[in-house]
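Here is a brief report on one protein model. Keep the sequence and the coordinates at hand while reading.

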Amino acid sequence: MNLLDRTAVILVEPQTPGNLGMVSRAMKNMGLRELRVVKGCRIDHPDAFKFAVSARDVLLGAARFES
């Protein structure tokens, strides 16, 4: 397993769904795939998908946590 496969990006209480989409896109560009979201906005919001562009797979695979 390489370093990229063992790395997760964690967003704590993101304020806007667009942030989720933009982070997903940046992650995909860098080869990262594991996104974790703690509280904050919904992962399935239309704005998140709009900003994710071709990184919808990263966004859809995001894990959501309450704490």
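Which residue forms a salt bridge with Arg36? The partner is Glu34, and the closest N and O atoms of the pair are 2.5 Å apart. Bear in mind that the model is predicted.

## The Glu34–Arg36 pair

Side chains of opposite charge can pair when their charged atoms come close. Glu34 is partly exposed, because its relative accessibility is 33%. Arg36 is partly exposed too, at a relative accessible area of 29%.

Arg36 also has a place in the strand pairing. Opposite Arg36 stands Ala63 of strand S3.

## The sheet

What is the strand order of the open sheet? Three strands build it in the order S1-S2-S3, and their pairing is parallel. The edges are strand S1 (8-12) and strand S3 (63-65), each of which pairs on one side only. Ignoring direction, neighbouring strands are turned by 20 degrees against each other on average.

Strand S2 covers residues 34-38 and pairs with S3 in the parallel sense over three bridges. Strands of a sheet pair through backbone hydrogen bonds, either parallel or antiparallel.

Helix H1 lies across S1 and S2. The helix runs at about 155 degrees to S2.

Ser24 belongs to this helix, which spans residues 17-30. Is Ser24 buried or exposed? Ser24 has a relative accessible area of 0%, so it is buried. Which residues does Ser24 contact, leaving aside neighbours within four places in sequence? They are Leu35, Ala52, Ala55, Val58 and Leu59.

## Salt bridges across the chain

How many salt bridges does a search of the whole structure find? The search finds five. One of them joins the side chains of Asp57 and Arg33, at 3.1 Å from N to O.

Asp57 counts as partly exposed, because its relative accessibility is 32%. A network of salt bridges links Lys28, Arg33 and Asp57.

Another salt bridge brings together the side chains of Asp47 and Lys50, with an N to O distance of 3.8 Å. How far apart are Asp47 and Lys50 in helix H2? They are three residues apart in this helix (residues 46-52), so about one helical turn separates them.

Asp47 is partly exposed at 31% relative accessibility, whereas Lys50 is exposed with a relative accessible area of 53%. The cut-off for exposed is over 50%.

Methods:
Residues numbered from 1 in each chain as written. Predicted model: local features only at pLDDT ≥ 70, side-chain atom pairs only at ≥ 80, totals over all residues. Heavy atoms only, no water. Helix = DSSP H or I, 4+ residues; strand = E, 2+ residues; numbered from the N terminus. Buried < 20%, exposed > 50% of the residue type's maximum accessible area, 1.4 Å probe, protein only. Contact = heavy atoms within 4.5 Å. Pairing = 2+ DSSP bridges. Axes fitted to C-alpha atoms, helices over the stretch in contact; angles between N-to-C directions. Salt bridge = Lys/Arg side-chain N within 4 Å of Asp/Glu carboxyl O.
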